[in-house]
Amino acid sequence: MRASRLLSILLLLQSRGRLTARQLADELEVSVRTIYRDVGSLHTAGIPLYGEAGHEGGYQLLAGFRTKLTGLTAQEAEALFLAGMPGPAAELGLGTLAAAAELKIEAALPPAFREGARRVREHFHFDAPGWYYDGDQPPHLPEVAKAVWNKRVLHVLYRRWAAPSEVERRLEPYGLVLKGGKWYLVARCEGAMRTYRVSQILDLRVAAETFERPDGFDLAEYWREHLADFRSRLFQGHAVIRLSPEGRQRLSDLMSSAVISAVEETAGTPDNEGWITATVPIESLTHAQSEFLRLGAEVEVLDPPDLRQKLTQTTKSLAALYPA
């Protein structure tokens with residue numbers, strides 16, 4: 001395990017240049033003290049590795065040093081094929097390149113490793129979008145991806161939920177994220193970082209103007225913070241509901257994980273008919289109304305009164321449409 005970590009430090013420094021002890025520790029999921037010990041061991045082994053103190057400091061390999069220990073293990077080769085994304089690569093306009101790269105990797109592997117990689121492809125297949133949604137097929141995605149790669153400014157006509165629904169924006173595209181089968185563009189607009197659904201771009205023009213992407217910008221870290229902020233603002237209140245036994249069974253198919261967890265944590269003792277009472281989070285009255293209607297007569301909203309009233313009005317309207 002330690003030998004593998006020492007090799008990982010070498011490969012990280014070789015591929016990324018100067019890295020601090022904290023960056024290495026975070027990457028390898030160990031303590032900073034462990035990195036200090038490992039660096040000392042590499043020094044003892046004669047590896048030309050040196051460190052610089054200060055804000056701009058870090059560890060770095062001597063210029064020109066390259067390790068030859070870059071061969072793949074059988075498990076690493078299999079993991080490469082397991083992580084392949086032919087669908088998203090094709091959407092980005094890189095399908096042919098991705099297929100060619102996979103063929104080259106497969107051809108370069110020893111026969112035993114090659115067989116393992118084929119077995120992975122035969123036994124595992126990833127299909128990220130849900131059952132009732134095939135994912136995005138945004139027409140402008142290849143152009144957006146090219147602008148991201150070439151650091152070119154985009155002028156877009158964008159459709160949003162708020163009025164006015166169609167707006168023009170000048171974007172500095174930092175990166176693309178595939179989430180739940182949907183493509184999102186992370187871009188700077190008017191001095192702030194924002195997220196845009198690529199399928200909502202109605203028209204675009206790639207400008208000759210370029211921009212400078214900050215060296216320290218981490219797309220994965222930004223996305224984690226964006227999701228955390230989104231989820232913190234998602235739920236605006238709570239509802240007290242009664243659920244039938246059948247309603248509880250259908251929760252996992254129809255409701256969010258937050259609602260499912262809340263039912264498990266707050267449910268009281270079932271009554272004589274098996275119904276339970278629980279307190280669950282809701283996004284808004286309108287959203288909660290549509291969500292609870294999916295459970296039909298297997299759920300009763302007790303509170304808040306406004307949500308109960310909205311459901312009462314909807315059921316009356318339905319009864320008028322479908323008289324007995």
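Predicted model: local features only at pLDDT ≥ 70, side-chain atom pairs only at ≥ 80, totals over all residues.
User: Let's start with α2. Which residues of α2 are buried?
Analyst: A21, L24 and A25 are buried in α2, which spans residues 21-28.

User: Where do they sit around the axis of α2?
Analyst: On the same side of α2, because they cover an arc of only 100° around the axis.

User: Why would residues spaced like that point the same way?
Analyst: An α-helix has 3.6 residues a turn, so residues three or four places apart point the same way.

User: Which residues make the contact?
Analyst: From α2, A21, R22, L24, A25 and L28. From α3, V32, I35 and Y36. By class, this contact has seven nonpolar residues, one charged and no polar. The buried A21, L24 and A25 are among the α2 residues that touch α3.

User: What follows α2?
Analyst: E29 does, and its phi is positive, near 60°.

User: Switching topic. How do α12 and α13 pack?
Analyst: Helix α12 is residues 285-293 and helix α13 is residues 305-321. They pack at an angle of about 55°, with their axes 10 Å apart. That makes α12 oblique to α13.

User: Left-handed or right-handed crossing?
Analyst: Right-handed, as α12 passes α13.

User: Which residues meet there?
Analyst: L285, T286, A288, Q289, F292 and L293 come from α12. D306, L307, K310, L311 and T314 come from α13. By class, the contact of α12 with α13 has six nonpolar, three polar and two charged residues.

User: Now M255. Where is it?
Analyst: M255 lies in the loop between α10 (245-254) and α11 (257-266).

User: Buried or exposed?
Analyst: M255 counts as buried, because its relative accessibility is 9% and the cut-off for buried is under 20%.

User: What does M255 touch, leaving aside neighbours within four places in sequence?
Analyst: M255 is in contact with I260, E291, F292 and L295.

User: How far is M255 from F292?
Analyst: They are 37 residues apart in sequence. In space, the C-alpha to C-alpha distance is 8.7 Å.

Methods
Residues numbered from 1 in each chain as written. Heavy atoms only, no water. Helix = DSSP H or I, 4+ residues; strand = E, 2+ residues; numbered from the N terminus. Buried < 20%, exposed > 50% of the residue type's maximum accessible area, 1.4 Å probe, protein only. Contact = heavy atoms within 4.5 Å. Arc of directions from axis to C-beta. Axes fitted to C-alpha atoms, helices over the stretch in contact; angles between N-to-C directions. Parallel < 35°, antiparallel > 145°, perpendicular 65-115°, else oblique. Left-handed = near helix turned anticlockwise from the far one by under 90°. Nonpolar A, V, L, I, M, F, W, Y, C, P; charged D, E, K, R; others polar.
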